[in-house]
Amino acid sequence: MESKTKIAIIGAGPGSLAAAMLLSQLDYEVSIYEKNDRIGGRTALHKMGKYSFDIGPSALTMPHVLTSLFMDCKRDILDYVSLLPINPIHTLYFKDITFPLYSDYAATKSVIATYFPGEEEGFDRFMKENTKKMLYITPLNQFNYSSLFDFFRPTTIRAIPSLTLGRSLMDDLARYFNSKHLRLAFSLQMRYLGMSPWDIPAAYSIIPFSEYYYGTYHPIGGQNKIVEAMQQVITENKGKFYFNSEVTEFEINGKEITGARLANGQVIEADYYFTNLDFMYSLTNEKNKHVEKREYSSSAFMLYLGLNTELPFSHQSIIFPSNYREFSTNIMQKNVLSKDLAIHLTNPSATDNTMAPINHSSIRIMVPVPNNSSQIDWEKETPAFRQLILDTVKERLDIPDLEDFIEEEFIITPADWEEKYHIKHGAVFGLQHVWNQHGFLHFSKKIPTYKNLFVISAGAMTGSSLPYIIENAQIATKKFLQKEKKSK
C-alpha cells in the first residue's frame, strides 16, 4: 500500500489551519506543530475569571471567503459557528459630533443624509465605483506574482484603472465626500493595516467598502470560535496537532528542507513543509538583510477589561483625536506617543451575551502606537499610557466612574507582541501595504526558495485580515498541488 505524503505545518494560526483543512481534506497526512499550548495565535481566546476576550481580530467581514473554505472541505460553516451581524458596524465619536454607520445600505445613507445633508450622492458613487473595483481586484489575489510577467496577465491589465495608482486613500475619498468626518469614517478601517490613510494606496478603498457591502459579523463566543471550527474539521480529517512544539530551525540540504528541529532537539521529517514567514528569519543571514530593509506597520497597545457593569455602547466605538493626521504622523513618521489618542473600543456584550456574565462587559481597547523600531521603553511608559487611555475613554464616552467597575485587567504592549508572539518589531499588521512591497516585490520573493517549503499566512503576501490570510493559504495550497502533480 502506497504511503501518504507527509506534510508538516509550522504554527497553528488561521493561515496554517486553512491550509491544513484543505490538505487533510485531500487525504494528505497533515501534522501541525504549535509553539504555544493552543491554536489561534493572535486569534486565540483569552480568559480572565468569568470574562472572555478575543486577543486580536474583533470582527469578521467578507464571510463568503470563510464559507467557501468550509465548502471546499464539504462542510457547512453554520454547523460549526453561529455568525451574528454587527449593527451598527461602529459608532464614531468626534470631538464635535457622534454618529453610527450600518452595514445596511439604506440605514447608512439615512445617517449620512441626517448628519451630512447632500453627501448621500457621494456615498452612492463610492459604493458603485468600489463594487467595480472589487470585481477587478479580487481575481488578482489568486495570483502568486512571483515574477514581473504576472503583471502582464490580461486580468492584471484590466484591473489597472481600478487600482487608482499614484493616489492615496484620503485623496480618493475626497472625490466622494466633502466632509472631513466622512473621509475619516470611510478610512478608519486602515487600523486593520497599521497605516495612515494619507499614505496607503487608494486601491485599499475596497476594505471600507467591504464592511458596508458584505456586512460585519461576530461569531457567538468570539472570533476564536472560527479557529476552533477549523481545528475541528482538521481533527475530523485525521490531522494531528502537537502543542508546546516550537520549531527553532530547518535542516537544509541544498534546495530542500530535510527536517524541522524542535526546541527540545527532536527533528520532524516530512515530504513538504508549510510555514509562517516568522519562522524563516533564521534560515540564512542573506535573508535577514531583506527583512531589516522593509517598512513595517504600526503596533498596538491593547487593554482588556472585565467590568462588573453593562456598558450602553455599540459593539465597536471609535474615538477620534482632534487632529487625526497629526496622530498618524506621530505613529508612522515621528515614532512618538500622542497625548490625544485614537481609540478602538470593542464591546462584544452588545451583540453576544456569552463573552461576559449578564450585566457585565468584556471590553477590548486598542490604541495604534509606533512599532518597536521606535525604541519606546514600554516598561517605563505603560502605567502613564494606560491611565491616559482610561482618562480619554472616561471623558469622551462620559463614563467617569469606569475604573470603579474593573474586575479583571490584562495589557499587551508592542514589546509583548514581539517577545511573546514573535512578531517582528511588534508590528501586528506586518509589512506596510505599499506598492514596493507587493507582488513580486514582496520580500518573501527575495529570500531563498526551497522546493518542498511553502509560505502561508499574512507573511506570504500583503494582507493581514482573516479573509486575506485564508486566500493566501489557498494560493499556497494550490501552488503545492501543482508541484505535486508535476512530480508524479
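Helix 13 is followed by H422, and the phi of H422 is positive, near 60°.

A word on what we are looking at. This is a predicted model, where local features need pLDDT of at least 70 and side-chain atom pairs count only at pLDDT 80 or more, while totals for chains, interfaces and linings use all residues. Residues are numbered from 1 along each chain as its sequence is written, and side-chain values use heavy atoms, with hydrogens and water left out.

First, the whole chain. The protein chain has 488 residues, and buried ones make up 57% of them. Buried means under 20% relative accessible area, exposed means over 50%, and partly exposed is in between, with a 1.4 Å probe and protein chains only. The chain exposes about 20800 Å², and carbon and sulfur atoms supply 50% of that. Those areas come from the Shrake-Rupley method with a 1.4 Å probe, and for residues only the protein chains shown count as cover. As for contacts (heavy atoms within 4.5 Å), take those in the chain with a separation of 6 or more: residues 24 or more positions apart account for 73% of them.

Now to the inside. The largest nonpolar core has 101 residues, and those with the most contacts inside it are I9, F99, F186, F274, I365, I389 and V393. Helix 1, residues 14–25, gives the largest share of this core, 7 residues. A second, separate core has 14 residues, including A300, M302, Y304 and I423. A nonpolar core here is a set of buried Ala, Val, Leu, Ile, Met, Phe, Trp, Tyr and Cys residues joined through side-chain atoms within 4.5 Å.

Let's zoom in on F99. Leaving out residues up to four places away in sequence, F99 touches H90, T91, L92, F94, V111, Y115, F116, H181, L182 and A185. Some of those names take us to strand 7, residues 90–93. From strand 7, H90 and L92 point one way, T91 and Y93 point the other way, and all are buried. What are its neighbours? Strand 7 runs antiparallel to strand 8 (residues 98–101), joined by 4 bridges, and the two form a hairpin with 4 residues between them. Y93 has T98 of strand 8 as its bridge partner. Strand 7 also runs parallel to strand 16 (residues 316–319), with 3 bridges, and there T91 has S317 as its bridge partner. Strands count as paired if DSSP finds at least two bridges between them.

P88 lies in the loop between strand 6 (83–85) and strand 7, and the peptide bond from N87 to P88 is cis, with omega near -5°. Most residues other than glycine have a negative phi, and most peptide bonds are trans. K74 has a positive phi too, near 55°, and is not a glycine. You will find K74 in the loop between helix 2 (63–72) and strand 6, and K74 counts as exposed because its relative accessibility is 69%.

Back to helix 13, residues 414–421. Here P414, D416 and W417 are buried. Why do they share a side of helix 13? They cover an arc of only 160° around the axis, so they sit on the same side of helix 13; the arc is that of the directions from the helix axis to the C-beta atoms. On the other side of helix 13, E419 and K420 are exposed. The cover over the buried residues includes strand 15 (299–307), strand 18 (361–369), helix 12 (378–396) and strand 19 (406–412).

H425 lies in the loop between helix 13 and strand 20 (453–456), and H425 counts as buried because its relative accessibility is 16%.

One last stop: N335, in the loop between helix 11 (324–334) and strand 17 (343–346). N335 is partly exposed, with a relative accessible area of 24%. N335 and V369 are 34 residues apart in sequence, and their C-alpha atoms are 8.1 Å apart in space.
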